[in-house]
Amino acid sequence: MSIDISSIIDVLSSLIIVGLLLLAVIRAVQIGRGLVSRVFRRRAFWMAVFGVFFLVAVLTTIPSFDTISIVNFLGGISFLLVFPVTFAFVDSSVLAAIEMDFFHRDTLRWNQFRMPFYVVPLALVILFILFDYYPNPPTWLSIAAIFLVVAFVVVFGDSVVTLIVASRRTPDRTMKRHVRLLGFALACLTLSIFIGVTFTGYPPLSLPELSFDFLIVVFCYLFYRAVMSLSPTSRIEKAA
């Protein structure tokens, strides 16, 4: 019975995640085509690209889609590149917030640390490849994995704080709300990835599994809200 309930929860969460991501991607493209500001247009299309990337990764976890060769191939690439693509997305968000800041303040010295921070997600890609190459990983690889997990928490945790602080420094209300929502979304995504990596092989209906599914759903909802925050409709209504 527990396995059946677990399967139902997985299917429902997958449907919710796919639905939210599809809506987010469609709305991001529509909003991006209707915006005039170059900064906001870039944000909208960045959201669409990242949404498609994450959507493909999610589709490979659904039994109906994991047998499709092209989806399986693209999903494998998505899972492999999830860390560098996510960090590049966060980097673009912070830089957009800094650009909208009247004083162009370097939030938490992001311009100094952003390039060294890219080392961590790229190292995680290499780690995935090595773990696939070594069925029984040696001791040095296990130690490197622990070190990179800690580095991942530090880098992405700092990114969350930087997004939230950058949103407070941005005078534009739309960008302020957009970046703040992205900060909360990244916090959920970071915590879910940490749970997924730390508690690998957890049993069905366990607290880590339920927490992982819940955090991914919340991330997708906040991601959708961040997309909708770029809509010019609300700004026009307030101006009127």
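Entry 1: I started with Arg109, which is exposed, at a relative accessible area of 52%. My cut-offs are these: buried is under 20% relative accessible area, exposed is over 50%, and partly exposed is in between, with a 1.4 Å probe and protein chains only. Arg109 sits in the loop between α4 and α5, and it has a positive phi of about 55 degrees although it is not a glycine. Leu108 is in that loop between α4 and α5 (110-117) too. Its phi is near 50 degrees, again a positive value in a residue other than glycine. Leu108 is partly exposed, with a relative accessible area of 39%.

**Entry 2: Ground rules.** I noted that this is a predicted model, where local features need pLDDT of at least 70 and side-chain atom pairs count only at pLDDT 80 or more, while totals for chains, interfaces and linings use all residues. Residues are numbered from 1 along each chain as its sequence is written, and side-chain values use heavy atoms, with hydrogens and water left out.

**Entry 3: The overall fold.** How many helices and strands does the protein chain have? I found 10 helices and zero strands; helices (H or I, at least four residues) and strands (E, at least two) are DSSP runs, numbered from the N terminus. Of the 240 residues in the protein chain, buried residues make up 43%.

**Entry 4: Helix α4.** Next I followed α4, residues 82-100. Its 19 residues reach 27 Å from first C-alpha to last, close to the 27 Å expected at 1.5 Å a residue; the expected span is 1.5 Å times one less than the number of residues. Is α4 enclosed or open? It is largely enclosed by the rest of the structure, because 14 of its 19 residues are buried.

**Entry 5: The cavity.** On a 1 Å grid over the protein atoms alone, a cavity is a set of points where a 1.4 Å probe fits but cannot get out; a pocket is an open set with protein on both sides within 12 Å along at least five of seven lines; and lining residues have an atom within 4 Å of a point. Grid points are joined across faces, edges and corners, and a volume is the space filled by probe spheres set on the points. The count came to one cavity of 30 Å³ or more, and the largest cavity holds about 70 Å³. Its lining includes Phe50, Ser93 and Phe219. Helices α4, α8 (173-198) and α9 (207-228) each supply at least two of the lining residues.

**Entry 6: Trp46.** Ser93 came up again here: its C-alpha is 9.0 Å from that of Trp46, although the two are 47 residues apart along the chain. Trp46 is found in helix α2 and is partly exposed, with a relative accessible area of 29%.

**Entry 7: The pocket.** The largest pocket has about 860 Å³ of space. Of its 25 lining residues, Ala57, Thr61, Phe79, Phe212 and Ile216 lie nearest its centre. Which helix gives the largest share of the lining? That is α8, with five residues.

**Entry 8: Helix α1.** Last, I checked Leu12, which lies in α1 (residues 2-34) and is partly exposed, at 48% relative accessible area.
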